[in-house]
Structure formats: C-alpha cells, structure tokens
Amino acid sequence: MPPAPLSILVIDENHIRASIIEAGLREAGHDRVTVVHDVAGIAARVAAINPDVIVIDLENPNRDMLENMFQLSRAVRRPIAMFVDRSDQSAIEAAIDAGVSAYVVDGLRQERVKPILDMAVSRFNAFSRLTRELEEARSELEGRKVIDRAKGILMAQRGLTEEAAYALLRKTAMNQNRRIADVAQSLVTAADLLGPGDGQ
Amino acid sequence: MKHQITAGFIPLLDSALLVAAKEKGFANAEGIDLTLVRETSWANIRDRLAVGHFHVAHMLGPMPIACNLGLAPLATPMIVPMALGLGGNAVTVSNALWAEMKAAGALPDLEPKPAGEALRKVVAARRAAGSDRLRFAVVHPHSGHVYELRYWLAACGIDPERDVETVIVPPPLMADALGAGTIDGYCVGEPWNTAAVEAGHGRIATVKAAIWRSSPEKVLGVAARWAEAESEALAALLRALYRAALWCGEPGNRDELAAMLSGVAYVGRPAEWLMPALTGRLRIGTDAEATIEDYFMPLARAATFPWRSHALWFYSQMVRWGQTEHSAGNLATARETYRPDLYRSALKPLGVALPGANSKVEGALKSPTPVGSAGASLTLGPDGFFDGSLFDPDRIDDYIAAQKRDR
C-alpha cells in the first residue's frame with residue numbers, strides 16, 4: 001500500500017514565489033498543498049490542514065511566532081519535530097542559503113521529505129535569480145531614461161546634436177571612470193537644482 | 001591580517017554595542033573587519049549562526065541556553081562570553097486596559113507592585129464578567145521578556161498560564177497589534193514601547209528595570225566551534241565591544257548614538273524614539289512622563305559581564321514554565337553556556353575593573369556597592385527584585401521548589 005499523500009503547507013508573503021513553489025509541488029505529484037500568505041489566524045488554519053511539512057520563507061518576520069506555534073503540540077496535534085534531518089548539514093545550509101526553512105512532523109521518513117525540500121530550495125533560488133534579473137533590467141531601463149534626459153539637457157543648453165551630446169557623456173564617464181548612467185544622473189540632478197525649474 | 005567577523009542583529013536599541021563597535025571604529029582598531037547583518041527573526045539569527053553565516057550574534061540571554069538544552073529546532077553549540085547590557089524592556093498595555101488598571105488603582109509611576117495589583121483586579125473582574133482572557137505578547141518563548149513578564153504577573157497573584165494568554169509577536173509589529181486590538185499588552189525592548197506611546201496606542205505600565213533592577217537582557221551569542229578555532233578573533237571582538245560599551249555609557253555620546261542607531265541599516269526609526277531608553281526619561285503615555293535612571297545600562301554595574309547567576313536564573317524560569325526538566329545535567333549545561341572566564345582573559349590587557357566571582361546572589365544589593373575586583377574599582381547593584389526575593393544560584397533547588405509550590 002503506498003503511503004498516504006503528504007499534506008504540505010507553504011507560508012510565504014510573496015504571492016509569486018508561493019505560486020512557483022506550489023506549482024513545483026503539484027508537478028511533483030503532491031496534490032495536498034495549501035498556500036498561506038497572511039499569518040493572521042494561522043493557528044486555526046494549521047490545525048485544520050494538519051500539515052506533515054511546512055515550508056516558510058526566511059524573510060517572514062513572524063517566524064518566531066510560527067515556530068513557537070509548531071512546537072506547542074496542542075496547536076497542531078502532532079509534534080512538529082524540526083528542520084529536516086539534523087545530520088544532513090549540507091541540505092540545511094542549502095535551504096538557508098536559498099532563504100527557505102522547513103518543518104517536518106516527527107517520524108516522517110527522510111527520503112519522503114528530501115525531494116520536497118530540494119524542490120523548494122531550487123525554486124527559491126530560481127525566484128531570486130529572476131528577481132535579480134528583473135531588477136537589473138529595470139535599472140538598465142531607468143539608466144536609459146536618465147541618459148535621454150541628460151542628452152536633452154545638453155542639446156538644449158549647449159546646442160549639441162544628439163550624437164554629440166551622447167559622445168560628451170561617454171567621454172566624461174570614461175575620464176571619470178564612472179558609468180554613463182551615473183554621469184547622466186549627476187547632470188540631471190544638477191540641472192534640476194540649478195536650472196530654471198522645468199515645470200517644478 | 002584582519003579578523004573577518006560577521007554578526008547578526010535584530011533592530012533593537014540594545015544592538016548598540018555592536019553598532020558602535022563598527023561605526024566608531026573600535027572593531028577596526030582591534031584588527032577586526034566587522035560585518036553587521038540585520039535579521040527579521042530570532043529564528044533566523046539562530047539558524048544562520050548554526051550554518052556558519054554568522055560567527056556571533058546579538059541574542060536574547062536565554063536563547064543560547066535553550067539551544068544548548070536542545071529546546072530549539074536547529075542549533076549549534078553556543079557560548080556567551082559577554083552580555084550586551086542590562087535592562088531595556090518595558091511592559092506596555094493598550095489604552096483600554098490602562099483605563100481599567102487606573103480605575104483599579106494603578107499609578108503613573110511605573111512601580112510594578114501597584115500596577116500588578118491593579119491588573120490582578122482587572123483580570124478577576126473580567127473573569128467574573130465572562131470576558132476573554134487578556135492577551136500579552138512577547139518576542140520569543142526563550143526570552144528575558146517572557147520570564148520577567150511572568151515573574152511580575154505571578155508575584156502579583158496572576159497565574160501567567162491560566163489567567164492570561166501569551167503570544168509571540170515580532171518587536172516592530174507590537175505597537176500595531178496593540179493599536180488593532182489583537183493584543184492587550186506586551187513586553188518588548190526599545191524603541192517598540194515608545195513606538196506605541198508615540199502612535200497613541202498604549203501606555204507603559206512598568207519596566208524591566210523596576211521588576212528586577214540590573215537584570216540581564218541581550219548577550220553576545222557565539223558559535224562554540226568558531227570560538228574555539230578563532231579564540232584570538234573572539235578576544236579582540238570582546239575588547240572592541242567593551243570599548244563600545246565605554247563609549248555608549250558616556251552621557252555626552254547619547255545624541256550621537258541615537259542618531260547612529262536610527263539609520264536605515266540599523267533600527268530605522270527616529271532618533272527621538274531611541275533617546276528615552278538612553279536617558280531614562282520615558283514618555284509613558286500621551287500625558288505622562290517618568291524617569292528611570294537605570295532603564296538601560298550599557299556599561300555601569302558590570303553590564304557586559306556574563307554572570308553565571310544570570311544564566312541560572314533564566315534556567316530556573318525555563319523549569320518553572322515547563323520548558324525543560326530540572327536535572328543536574330541541564331543545570332550544568334545552562335551554567336557552562338555563560339563563559340566569564342573568556343570575558344576576563346580577553347579584557348585583562350585593558351586593565352579595567354572585572355568581577356572576581358562568576359556568580360552572585362541576585363537581589364542582594366539594595367544600593368550601589370563597591371566590590372573587590374582585579375585592577376580598578378567596580379560598583380555593582382542595586383539589583384533587587386521588586387518583590388524583595390533573592391535568587392541564590394547555590395540554592396537553586398530550593399528556588400525552583402519554592403516557585404513550584406507557589407503555583
């Protein structure tokens with residue numbers, strides 16, 4: 001007889017990341033997955049769901065509250081033991097590096113829990129990478145916008161063509177060993193401070 | 001070559017010694033490149049110390065003991081070679097609860113006894129009326145906060161388990177929870193009591209420094225493995241933190257310290273919210289102020305010395321509230337967690353006043369008392385419990401038995 005399917009609770013205030021984890025768990029064949037974003041009233045939810053495994057992001061400021069609740073066996077009926085197997089130091093490190101923590105009911109076999117934690121870790125890492133790339137893309141876009149504004153200022157105030165304005169920014173950046181976007185930002189700030197207010 | 005040390009901390013006033021050690025160059029002067037990492041929960045501090053992200057951390061005094069006793073889900077052996085100050089907490093109640101307490105005789109003087117007796121009457125009246133139990137929040141189940149709150153309640157005739165409910169709330173969320181009516185009161189460090197007063201959500205009813213004067217709070221928790229492997233780095237850090245304590249203890253530096261801690265990388269709240277704890281002049285309600293000179297002590301009264309009697313008092317309260325069993329082995333584990341020997345050997349080159357004993361009878365000193373110590377002069381106390389009782393670490397069995405009988 002196959003073991004009963006595991007009940008998994010994912011607590012993550014970040015909705016997107018929680019969905020990514022949930023999708024991963026479902027793809028791996030877990031259909032008893034509950035996602036909670038807000039910890040208000042969590043004790044009753046935990047008692048109702050009666051989870052075997054709880055996955056929490058480390059950024060959650062309520063971790064101390066949640067952990068205390070898991071340790072009070074009355075709240076969850078069965079004692080929640082700990083973060084996976086203590087002996088598996090590398091798995092613990094990988095989880096904390098990724099920013100995820102997991103609690104597992106006492107007596108659950110390691111080989112049933114390990115794939116869940118591994119999946120959570122890899123999805124957390126993928127999410128962090130995605131967030132970083134988005135952030136880079138956004139700052140790249142903002143850099144371009146500020147360069148356009150700086151070019152506009154140079155064109156208006158020094159009568160340069162767009163190409164010459166850009167060349168001047170680039171040359172200044174190279175001379176000062178700075179990024180073009182940073183030079184442009186300084187110019188825009190200075191213009192805002194010194195120039196006749198453009199609509200400000 | 002410089003010692004690379006990474007320390008975790010929680011945004012609280014009593015991270016001051018670590019912050020000043022870095023910002024005022026004391027760590028650098030000891031050859032330490034100190035990195036401070038702000039964390040959002042004590043659980044994260046514990047876990048990141050366990051996996052080696054942090055070498056040392058700002059910790060609740062009972063936490064390393066609880067970890068060594070196996071009461072935490074993930075922990076590495078830890079030691080406490082230094083305390084990070086004395087006092088610093090307060091008990092804040094909602095405006096509604098304060099109104100009930102005031103009607104029952106509570107006074108605006110922060111005295112634990114009248115406040116606690118008024119609270120006992122409120123609790124009794126609520127029970128008679130069939131109202132819900134009052135709900136108090138603390139920051140962690142293994143904290144000075146929960147033990148001093150329960151000590152105060154129990155000494156005033158309130159059963160902390162039957163008469164009130166205790167919940168865990170992270171410090172920065174306390175004032176909002178009070179304002180929203182989710183909790184009726186809480187015990188927390190600063191600036192999170194002042195935060196509730198500033199927001200008009202609550203009233204400071206009493207303070208840690210009045211419940212137990214000169215009482216232990218945060219400590220430097222250190223991974224035992226690292227302490228053993230890097231004993232020189234640890235000794236250098238203790239000297240840097242001691243110099244930071246000297247600087248923090250100087251009244252003329254309070255403004256600068258408050259401004260430093262208010263930075264977004266640290267506590268991230270207005271400097272004005274940090275001054276009350278540093279000066280002892282507290283705004284306790286929208287219309288009231290009170291002065292508690294020794295509200296938070298970063299230096300005086302051997303405030304950074306890791307007394308084994310402090311560790312043992314925390315242990316006695318873990319036993320009292322059913323968190324652990326009293327046994328010779330557990331007692332030894334608690335006592336050995338605190339390491340006054342490492343403190344002494346690290347600070348010896350500074351030629352400063354060091355306590356000669358590892359333990360003292362807590363509550364025995366009614367007034368400031370000069371004590372014999374190696375090198376310069378040192379003053380300890382007053383250190384009394386508000387109910388006049390004593391904690392003699394050599395008679396801990398009696399203490400534990402008496403507290404059990406009282407329940």
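The crossing of H15(B) and H18(B) is right-handed; a crossing counts as left-handed if the near helix is turned anticlockwise from the far one by less than a right angle, and as right-handed if clockwise. Helices (H or I, at least four residues) and strands (E, at least two) are DSSP runs, numbered from the N terminus. The model is predicted: local features need pLDDT of at least 70, side-chain atom pairs count only at pLDDT 80 or more, and totals for chains, interfaces and linings use all residues. Residues are numbered from 1 along each chain as its sequence is written, while chains are lettered from A and ligands numbered from 1 in the order in which they are written.

H15 spans residues 308-320 of chain B, and H18 spans residues 396-405 of chain B. Their axes come within 10 Å and cross at roughly 35 degrees. Axes are lines fitted to C-alpha atoms, for helices over the stretch in contact, and angles run from 0 to 180 degrees between N-to-C directions. On H15(B), the residues at the contact are Leu312(B), Ser316(B), Val319(B) and Arg320(B). They meet Ile396(B), Tyr399(B), Ile400(B) and Gln403(B) of H18(B). Two residues are in contact if their C-beta atoms, placed from the backbone, lie within 7 Å. By class, this helix pair brings together five nonpolar, two polar and one charged residues. Ala, Val, Leu, Ile, Met, Phe, Trp, Tyr, Cys and Pro count as nonpolar, Asp, Glu, Lys and Arg as charged, and the others, Gly among them, as polar. An α-helix has 3.6 residues a turn, so residues three or four places apart point the same way.

Chain B as a whole holds 18 helices and 18 strands. Its radius of gyration is 20 Å, close to the 22 Å that the globule rule gives for 407 residues, so chain B is as compact as a globular protein of that length. The radius is taken over C-alpha atoms, and the rule is 2.2 Å times the number of residues to the power 0.38. Along the principal axes, the C-alpha trace of chain B spans about 70 × 45 × 40 Å. Of the 407 residues, 57% count as buried. A residue is buried if 20 or more other C-beta atoms lie within 10 Å of its own, exposed if 12 or fewer, and partly exposed in between, with C-beta atoms placed from the backbone. Among contacts in chain B between residues at least 6 apart in sequence, 75% join residues at least 24 apart.

The domain assignment of chain B gives domain 1 (3-87 + 216-268 + 298-350) and domain 2 (95-211). Such bounds come from an automatic or database domain assignment. The domain centres, taken over C-alpha atoms, are separated by 27 Å. Across the boundary, 19 residues of domain 1 are in contact with 14 residues of domain 2. H4 (63-68) and H15 of chain B each supply at least two residues of the domain 1 side. That side has 13 nonpolar, four polar and two charged residues.

Contact between the two chains takes 16 residues from chain A and 19 residues from chain B. On chain A, the elements that give two or more residues are helix H3 (63-71), helix H5 (89-98) and strand S5 (100-105). H3(A) provides the largest share, five residues. The chain A side has eight nonpolar, three polar and five charged residues.

Helix H3 of chain B (residues 42-50) has eight of its nine residues buried, so H3(B) is largely enclosed by the rest of the structure. Among the buried residues are Trp42(B), Asn44(B), Arg46(B) and Asp47(B). Ala43(B) also lies in this helix. Ala43(B) is buried, with 25 other C-beta atoms within 10 Å. Ala43(B) touches Arg63(A), Asp64(A) and Glu67(A), not counting residues up to four places away in sequence. Just after H3(B), Gly52(B) takes a positive phi of about 90 degrees.

Two loop alanines complete the survey. Ala104(B) lies between helix H5 (95-103) and helix H6 (112-128) of chain B. With 18 C-beta neighbours inside 10 Å, Ala104(B) counts as partly exposed. Ala104(B) touches Ala118(B), Lys121(B) and Val122(B), not counting residues up to four places away in sequence. Ala129(B) sits in the loop between H6 and strand S7 (134-138) of chain B. Ala129(B) is exposed, with 7 other C-beta atoms within 10 Å.
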